[in-house]
Amino acid sequence: AAAGRWLVSRTLAAGACVAIRSPATVALGGVRSMAGHSKWHNIKHQKAAEDAKRSKIFMKLFRDIVSAVRTGGADAGSNPRLGKAIENARAASMPKKNIESAVRVGSSAVDAMATQVFEVTGPGGVAMIVEGSAQDRKQMVPSLRKVLNHFDATVAKEGAVAWMFDRKGLIEVTAGDGGFGGDPEELAIEVEAENVTKDGDTLTLVCAPNDMTKVCANLKKLSLEAAYTSVEYIPNTMHPELTETQTESLSSLIERLEELDEVTKVTTNAQ
């Protein structure tokens, strides 16, 4: 009875019930109260998880903008890579002030963020290049190794993996209403690119990183504008076909690596 009176007074204080006649009813009211608490707790937990995920996305977009500014300048009109990075940030609903802050950081010499490159041997011996952005290479090592160890992957010695990739500049051009006006291979020769691939209305021109400015200038002479530019690792030696288990492991490893705040890009030579 004493316990029953205590529960009644507590329930009345909470405003959950007004007329309670038995400890059983009190217990029922208590269950309802706890159920409401549990629901609110779950909502808060879900929101916290969503906020954390959004924060990671914004951090990667922020670093993409910073990197784009440092490689091609702060003018989005003349820096296609920056224009694309800002477009991606806006599509993810990144606040305007964050975008402007990223451009300022990229333009400043104070921040010491630099591109870090790790050579990795992944599942089944597949070669991987993991690129990141950090002030110090050592800053990335602990979190990187923690993920790699989970998938029996390792950081390779310098040069053990890099020779399987070529560092190339990629320039994407989208056809206008009149198309490209000729054969893509002839266009590649005319703008002094090394190679070209066509996917629908988009051409991807391949050249040496130092030739990107020249190729873009040659495109402008033909009234063509670069829609996107980047410097990437292109595999020159493909790894033999992986087993189904190795493929799944590699896919999971890439996903986990891309979730790391510092990682900006992952490239493999898997077929």
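Buried means under 20% relative accessible area, exposed over 50% and partly exposed in between, with a 1.4 Å probe and protein chains only. By that cut-off, buried residues make up 32% of the 271 residues in this chain. The model is predicted: local features need pLDDT of at least 70, side-chain atom pairs count only at pLDDT 80 or more, and totals for chains, interfaces and linings use all residues. Residues are numbered from 1 along each chain as its sequence is written, and side-chain values use heavy atoms, leaving out hydrogens and water.

**Chain overview**
- The chain holds 8 helices and 8 strands (DSSP runs numbered from the N terminus: helices H or I, at least four residues; strands E, at least two).
- Of the contacts (heavy atoms within 4.5 Å) with a separation of 6 or more, 67% join residues 24 or more positions apart.

**Sheet**
- Four strands form an open sheet in the order β3-β1-β2-β8, with antiparallel pairing (two strands pair if DSSP finds at least two bridges between them).
- β3 (154–155) and β8 (263–268) are the edge strands, each pairing on one side only.
- β2 (residues 127–134) pairs with β8 in the antiparallel sense over 5 bridges.
- Val130 has Val266 as its bridge partner in β8.

**Helices on the sheet**
- Helix α5 (residues 137–150) packs on the sheet and touches β1 (114–121), β2, β3 and β8.
- Helix α8 (residues 244–259) also packs on the sheet, touching β2 and β8.

**Thr229**
- Thr229 lies in strand β7 (residues 226–235).
- Thr229 counts as buried because its relative accessibility is 9%.
- Not counting residues up to four places away in sequence, Thr229 touches Pro80, Arg81, Leu170, Ile171, Met212 and Cys216.

Terms used: Axes are lines fitted to C-alpha atoms, for helices over the stretch in contact, and angles run from 0 to 180 degrees between N-to-C directions.
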